[in-house]
Amino acid sequence: MGVTRTDLLVIGDGLAGSAAALEAARLGASVALVSAAHGSSDRAQGGIAAATLPEDSPRLHALDTLAAGGDLCDPSAVAMLTSAGPGTVRWLESLGVRFDGGSAREAAHSLPRVLHLGGDQSGSTLMGFMRTAIEHEPRITRYRARLDSLIGDGSCAGAAFSGGLTIVAGATVLATGGYAGLYGRTTNSRISNGKGILEAALAGARVADLEFVQFHPTVFDGPESFLITEALRGAGAVLVDDHGERFVDELLPRDQVARAVAAHHGRAFISAVHLDPKMLRRNFPNFIRNCRRVGIDPLRQPVPIAPAAHYTMGGVVTDLDGRSSLAGLYAAGECARTGVHGSNRLASNSLLEAAAFGRRAAAAAVVAPPTQNSGQVRSRVWRRGELTVATIGSLLDSAAGVLRTGAELQAALTTLRSGAVSSVAADAAEMASMICAAALARPISVGAHQRQDEPAAIAV
């Protein structure tokens, strides 16, 4: 396909990438928007958290975010995020987004502040509006291709993609999502494999906090797993054991609820049988549809659940404008480590972060001096062995899941360095090695990183 030149290259077309592309185009830049497929934004069931009610405020939203993050959040990043909440909602509405009306309460929020779209189909509904806005923006050119590598020597001058596509850019915004899709049991698509983070690290960008993987506590425990939105617990659903007895406060932060479910002896269930059927049909159509697809009537019987990898707090370290430590490279959304989430993300802060920081990254990138670089493509060497993507996922489930030990992490690292069957599996093994090494290097339990050899208490 040859070499294409543009002012700004955006890699990934989820909410962060879409927001960055639209903001850059509004500022007059030419934008190349490249993605391999739809990622996690389309799968989001919860909505977007923002302090829009009179009794709420960005400060209260910030306090909840800091509390959920286990004292590892960057307070200035949190303040910027929560202050941007109401304005981000207005910006989305200016693009044609129409929220359902009212605000819902979700786990670890002290007040109702989560805005939904299409009930429990917020992500796909929101991304429909974003794609329509992009289609009407002539400065944005879309490409469908898979990231191979970033290009440049000591800085980022663009990227090389599958099919022979190379894009040279004055600046690059990485919005490739997280790495929860590497796990065997996950709510993510397999495209969320950490490829962007890995390529940024190989190019010299600083990455951090890769040990912090958030496991969603309520994912259907069966062969056709599906996410059950946190908003259902906010509406009054309870977590029970085989005998119908509650065993945890459902509105604790996600890390604590997931840990309680994982450590619980016997099966765990989410029960909504006591809730108003009309409300459930109106607000949670996706939940009811998914349950009935696997032969369960959630209006009459509890639904079996188990945790699954859902969101990753680690990534490319950035400042408050999305700048990485590598000149010319910016990052936004789940692939960025902004300091907003600390060791555990507060529910529904992800869509807010994606939109707010995606716009900030683009605004900073388009006014920065263009990267002057040869566009050099780095060669890669990988070790051939027996590891497949599936075996790597199973290894992460067992060694770097909700509950971890130093011995299991060390053994996993040894296996992950034994070689892979393909370049794709080699990338997965390298990213998984980075996760396990980070988890091994933090011997204490905090937030979403829980070491059984140094356990933390669950609040009651």
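1. Before the helix pairs are discussed, one convention is needed: a helix axis is a line fitted to C-alpha atoms over the stretch in contact, and the angle between two axes runs from 0 to 180 degrees between their N-to-C directions. The structure discussed here is a predicted model, and two packed helices are described by the angle between their axes and the distance between the axes.

2. With that convention in hand, helix 12 (residues 406-416) and helix 13 (residues 423-441) can be described as packing at an angle of about 155 degrees, with their axes 9 Å apart. Since angles over 145 degrees count as roughly antiparallel, helix 12 and helix 13 are therefore roughly antiparallel to each other. The crossing of helix 12 with helix 13 is left-handed. On the side of helix 12 the contact is made by G406, L409, Q410, A412, L413 and L416, which meet A429, A432, S433, C436, A437, A439 and L440 of helix 13. Sorted by class, the residues of this contact between helix 12 and helix 13 are 10 nonpolar, three polar and no charged.

3. L416 counts as buried because its relative accessibility is 5%. Leaving aside residues up to four places away in sequence, L416 touches A429, A432, S433 and C436, and also L387, I392 and L395. Between L416 and D209 there are 207 residues in sequence and 19 Å in space, taken from C-alpha to C-alpha.

4. Helix 13 also packs against helix 5 (195-203), at an angle of about 80 degrees and with the axes of helix 5 and helix 13 10 Å apart. Helix 5 and helix 13 are therefore roughly perpendicular to each other. Here K195, I197, L198, A201 and L202 in helix 5 meet D427, E430, M431 and M434 in helix 13. The residues of this contact of helix 5 with helix 13 comprise six nonpolar, no polar and three charged.

5. A further helix pair is formed by helix 1 (residues 15-26) and helix 4 (residues 122-135), which pack at an angle of about 30 degrees, with their axes 10 Å apart. Helix 1 and helix 4 are therefore roughly parallel to each other, and their crossing is left-handed. L15, S18, A19 and L22 of helix 1 meet L126, M127, M130, A133 and I134 of helix 4. By class, the contact of helix 1 with helix 4 is made of eight nonpolar, one polar and no charged residues.

6. Turning to burial of a whole element, how many of the 10 residues of helix 7 (residues 254-263) are buried? Eight of them are, so helix 7 is largely enclosed by the rest of the structure. The buried residues of helix 7 are R254, D255, Q256, V257, A258, R259, A260 and V261. The elements that cover these buried residues of helix 7 include strand 10, helix 6 (230-234), strand 11 (238-240), strand 12 (268-271) and strand 13 (303-312).

7. The structure holds two aromatic pairs. In the pair of Y183 and F215, the ring centres are 5.6 Å apart and the planes stand at 85 degrees, so this pair is edge-to-face. Y183 lies in the loop between strand 8 (165-174) and helix 5, whereas F215 lies in strand 10 (residues 213-220), so the pair ties together parts that are 32 residues apart in sequence. Both Y183 and F215 are buried. In the pair of F220 and F226, the ring centres are 4.9 Å apart and the planes are at 15 degrees, so this pair is stacked. F220 and F226 are buried as well.

8. D209 has a phi near 65 degrees, which is a positive value in a residue other than glycine, and D209 sits in the loop between strand 9 (207-208) and strand 10. With a relative accessible area of 16%, D209 is buried. S348 has a phi near 70 degrees, again a positive value in a residue other than glycine, and S348 is placed in the loop between strand 16 (336-337) and helix 10. S348 is buried, with a relative accessible area of 5%.

9. Is S350 buried or exposed? S350, in helix 10 (residues 349-367), has a relative accessibility of 18%, and the limit for counting as buried is under 20%, so S350 counts as buried. Apart from residues up to four places away in sequence, S350 touches Y311 and R345.

Definitions and conventions
Residues numbered from 1 in each chain as written. Predicted model: local features only at pLDDT ≥ 70, side-chain atom pairs only at ≥ 80, totals over all residues. Heavy atoms only, no water. Helix = DSSP H or I, 4+ residues; strand = E, 2+ residues; numbered from the N terminus. Parallel < 35°, antiparallel > 145°, perpendicular 65-115°, else oblique. Left-handed = near helix turned anticlockwise from the far one by under 90°. Contact = heavy atoms within 4.5 Å. Nonpolar A, V, L, I, M, F, W, Y, C, P; charged D, E, K, R; others polar. Phe/Tyr/Trp six-rings, centres within 6.5 Å; stacked < 30°, edge-to-face > 60°. Buried < 20%, exposed > 50% of the residue type's maximum accessible area, 1.4 Å probe, protein only.
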